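The coordinates come from a predicted model.

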Amino acid sequence: MTELFDTAMTSLLHLPEVLDRLAAGGGDRRSAGDHGRTRINGIGGGGGAPVDIVETPGEYAFVLDVPGLSKSDIQVTLEEDRVLVMTSSNGAGKRKREEEEEGECRYIRLERRGAVQRSFVRKFRLPEDADTGGISARCENGVLTVTVKKRPPPEKKTKSVHVTVA
């Protein structure tokens, strides 16, 4: 019975990664609320941190819950000029125990340590209109917000053609 439970739990833990792979598969599948707008695909596994991606007329915002992590634990990088990568450093998010004074206190039960996120890696391929020079990130109250500015749309060029009468 415990083997079945362990298998089920493992499958559930990997569900975000499976869903990300399915979403990145392409095709004409669109998420709810996607009405012809730019699609930002996740790359690789979900790796733990759930993300909301918001598009406004001037920018894209990636919002991740990262409880227990400080800004020094998180790295935001750009790979291959189009892949936004958000990671936490090794060992980040480990709950620090209060030092047990000899003979005075001991932990009877430790449950909260499981709730702290250990590490994550999230990768997203940015759309063509993303301004890779305009990326900023901030971490406040356990929420990481990465903002990517949009480039203005190219000007539409019109050309007049002289019509001759024969």
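In this predicted model, four strands form an open sheet in the order β2-β3-β8-β7, and their pairing is antiparallel. The edge positions belong to β2 (51–55) and β7 (130–140); each has a single partner strand, so one side of each is left without a neighbour in the sheet. On average, neighbouring strands of this sheet are turned by 15 degrees against each other, direction ignored. Strands of a sheet pair through backbone hydrogen bonds, in either a parallel or an antiparallel sense.

Between β3 and β8 the antiparallel pairing runs over seven bridges. Glu59 stands opposite Lys149 in β8. A further contact involves Lys150, which lies over the face of Tyr60 at 4.8 Å from the ring centre.

The largest nonpolar core has 18 residues, and the members that touch the most others are Phe62, Leu64, Met86 and Phe120. At least two residues of this core come from each of β3 (59–65), β5 (83–88) and β8 (143–150).

How many aromatic pairs does a search of the whole structure find? The search finds one. A pair of aromatic rings is described by the distance of the centres and the angle of the planes. Here the partners are Phe62 and Phe124, with 5.3 Å centre to centre and 40 degrees between the planes, and the pair is tilted. The angle falls in this class because planes under 30 degrees apart count as stacked and those over 60 as edge-to-face. The pair links distant parts of the chain: Phe62 belongs to strand β3 and Phe124 to strand β6 (residues 121–125), 62 residues apart.

| Residue | Relative accessible area | State |
|---|---|---|
| Phe62 | 0% | buried |
| Phe124 | 3% | buried |

Both entries count as buried because the cut-off is under 20% relative accessible area.

Read along the sequence, they follow the pattern α-α-β-β-β-β-β-β-β-β. The chain has 166 residues, of which 24% count as buried. Among contacts with a separation of 6 or more, 58% are between residues 24 or more positions apart.

Methods: Residues numbered from 1 in each chain as written. Predicted model: local features only at pLDDT ≥ 70, side-chain atom pairs only at ≥ 80, totals over all residues. Heavy atoms only, no water. Core = buried A, V, L, I, M, F, W, Y, C linked by side-chain atoms within 4.5 Å. Buried < 20%, exposed > 50% of the residue type's maximum accessible area, 1.4 Å probe, protein only. Phe/Tyr/Trp six-rings, centres within 6.5 Å; stacked < 30°, edge-to-face > 60°. Lys NZ or Arg CZ within 6 Å of the ring centre and 35° of its normal. Pairing = 2+ DSSP bridges. Axes fitted to C-alpha atoms, helices over the stretch in contact; angles between N-to-C directions. Contact = heavy atoms within 4.5 Å.
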